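Here is a short briefing on one protein model. Keep the sequence and the 3D view open while you read.

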Amino acid sequence: MSTATESLAIHGGKPARSKPLPPNYPGALMMGEEEIEAVARVIRAHSPFRFYGPDLQGSVLTLEKMMAADLGVPYVLGVTSGTAALMVALKAIGIGYGDKVVVPAVTFLATATAVVCSNAVPVYADVDASLNLDPEKLESVLDDEVKAIIAVPIVGVPCDMDAIMAIARKRGIKVIEDVAQSCGVMLRGKFCGTFGDVGTFSFQMNKILTAGEGGAIVTSSPAFYERAERFHDQGQFRVALQEQNGITSDEETSAIAGQNYRMSEITGAVMVEQWKKWDRIVVPMRERYRQIKAGLAAGVPGLAFRGTPDPQGDVGCTLGLLMPSQEIAADFMKATAAENIGTYTLYGGRPVYRNPALWHMRSGERNNFPYNYPFKTPVTCAEGMCPRAEDLLPRSVFVSVSPILTDQDVEEVIYGITKVALALGI
Ligand SMILES: *Cc1c(COP(=O)(O)O)cnc(C)c1O
């Protein structure tokens, strides 16, 4: 079939699909009787709090044990959100006033605001063709005042963690992996989130597995686990958790001022069932992703895909296409929408630092604490700061891949995108 000659739906032709693609909420769409029954058990037991109740079900603890076993890490802590996980992780590794933390130019707002709310200042590092942190650009933003790096595998593609860890270890800098968007993403057979000092997960509605809200941290360090545990629970380390984790700690010498980021048993109950479904979600999603990518590569030889350090490790939730220009990207999105194939840019095509609060370096605290710290090398925000991100983001267009796509859906997506791409001269 010569797709180039077909007329586009945007010009009145027949759309590739008769209805829009399913919304991209993999975990939420796979919710079923299992989650209902798990939540009902918690309610029937009158025990929705993780640490005590008349008939405690231990759902959060079960989730933590499942995650630890599957990810191959000794310590996991359930928390209330991915943002809470970042706050807890930053406190765990000792970040505070007077510290700088590297944040990639391409990430969700929360990665950077968690740094500011942890009393540190973000410095932004550019990305490579994978749209993730570029290890080669990392050195140029590091100085003595940078105490941590947050690596973020954006929508399913792993970060080049081996290279990032090598640089961080050489300079004695800690690493957090914010895998909020990419639960289960791997680099060369190892789960992302387990390369750095602490990994952070989100179970918000928009993520791969979900309880609506929720999060977790993972670490191999008993010291980081203890600080995380304490910060998430008003600074205390409950004896039951000490015993479960084989750690002994004394309140007099070790208690710190903390917050309440405790995961509820209701969230835990949903997440245990969601975690069990990871395979059922990711295996078909990856398969669909590969079929669509292969179909497009065959039909549109000029089409450029988002880069990746390991195609095998991708979670497959979102396929990234690199358009020749911002203008073609805009035309592509309009034309594919008319075909009933929704495509979009990430974050309005703008680096994270263009969010007004970050761009103007405004904290909401008196004297603009913590931005007011007299750094030896001042932190600034400026146009052109991360040129690769500024160039790539506005012309990177994404297609959501759902685990519930049918063979027909896949064919229609390939057909519709091919038709549009060829018509635009790609
Ligand atoms: C969603 C997200 C978060 C925040 O997670 P919440 O659970 O919504 O607080 C943090 N980082 C990244 C990269 C995210 O995508």
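**Aromatic rings, charges and turns in a predicted model**

Ring pairs link Y97, F369, Y373 and F375 into a cluster. Rings of Phe, Tyr and Trp (its six-membered ring) pair if their centres lie within 6.5 Å; planes under 30 degrees apart count as stacked, over 60 as edge-to-face and the rest as tilted. The model is predicted: local features need pLDDT of at least 70, side-chain atom pairs count only at pLDDT 80 or more, and totals for chains, interfaces and linings use all residues. Residues are numbered from 1 along each chain as its sequence is written, and side-chain values use heavy atoms, with hydrogens and water left out.

**Aromatic rings**

- By the ring-pair rule, the count comes to 13 aromatic pairs.
- Y353 and W359 are a stacked pair, because their ring centres are 6.2 Å apart and their planes lie at 20°.
- Y353 is buried, at a relative accessible area of 0%. Buried means under 20% relative accessible area, exposed over 50%, and partly exposed in between (1.4 Å probe, protein chains only).
- K190 lies over the face of F195, 5.2 Å from the ring centre. K293 lies over the face of F305, at 5.3 Å. A charge sits over a ring if NZ of Lys or CZ of Arg is within 6 Å of the ring centre and within 35 degrees of the ring normal.

**Salt bridges**

- The structure holds 25 salt bridges. Each is a side-chain nitrogen of Lys or Arg within 4 Å of a carboxyl oxygen of Asp or Glu.
- K147 and D99 form a salt bridge, with the closest N and O atoms 3.4 Å apart. This pair links distant parts of the chain: K147 is in strand β4, D99 is in the loop between α4 and β2, and they are 48 residues apart. Helices (H or I, at least four residues) and strands (E, at least two) are DSSP runs, numbered from the N terminus.
- K147 is partly exposed, at 36% relative accessible area. D99 is buried, at 10%.
- E273 bridges to K276, with N and O 3.1 Å apart at the closest. The two are separated by about one helical turn, because they sit three residues apart in helix α11 (residues 265-276).
- E273 counts as buried at 9% relative accessibility, while K276 counts as partly exposed at 46%.
- K419 and E339 meet in a salt bridge at 3.0 Å, N to O. K419 lies in helix α16 (residues 407-423) and E339 in the loop between α13 (326-338) and β12 (343-344), so the pair ties together parts 80 residues apart in sequence. Both residues are buried.
- R17, D409 and E412 are linked in a salt-bridge network.

- D178 lies in strand β5 (residues 174-178).
- D178 is buried but has no salt bridge; the nearest side chain of opposite charge is K207, 6.8 Å away. Lys and Arg count as positive and Asp and Glu as negative; His and the chain ends are not counted.
- The D178 side chain makes a polar contact with the side chain of T111, at 3.0 Å. A polar contact is a pair of N or O atoms within 3.5 Å; within protein, one must be able to donate a hydrogen and the other to accept it, and residues adjacent in sequence count only if both atoms are side-chain atoms.
- Contact means heavy atoms within 4.5 Å.

**Backbone exceptions**

- Most residues other than glycine have a negative phi, and most peptide bonds are trans.
- N119 counts as partly exposed at 25% relative accessibility.
- H46 has a positive phi of about 55° although it is not a glycine. H46 is in the loop between α2 (33-44) and α3 (59-71), and is exposed at 61% relative accessible area.
- F369 and P370 are joined by a cis peptide bond, with omega about 0°. P370 is found in the loop between α14 and α15.

**An exposed loop residue**

- T380 lies in the loop between α14 (356-359) and α15 (387-392). T380 is exposed, at 55% relative accessible area.
- Leaving aside neighbours within four places in sequence, T380 is in contact with M361 and M385.
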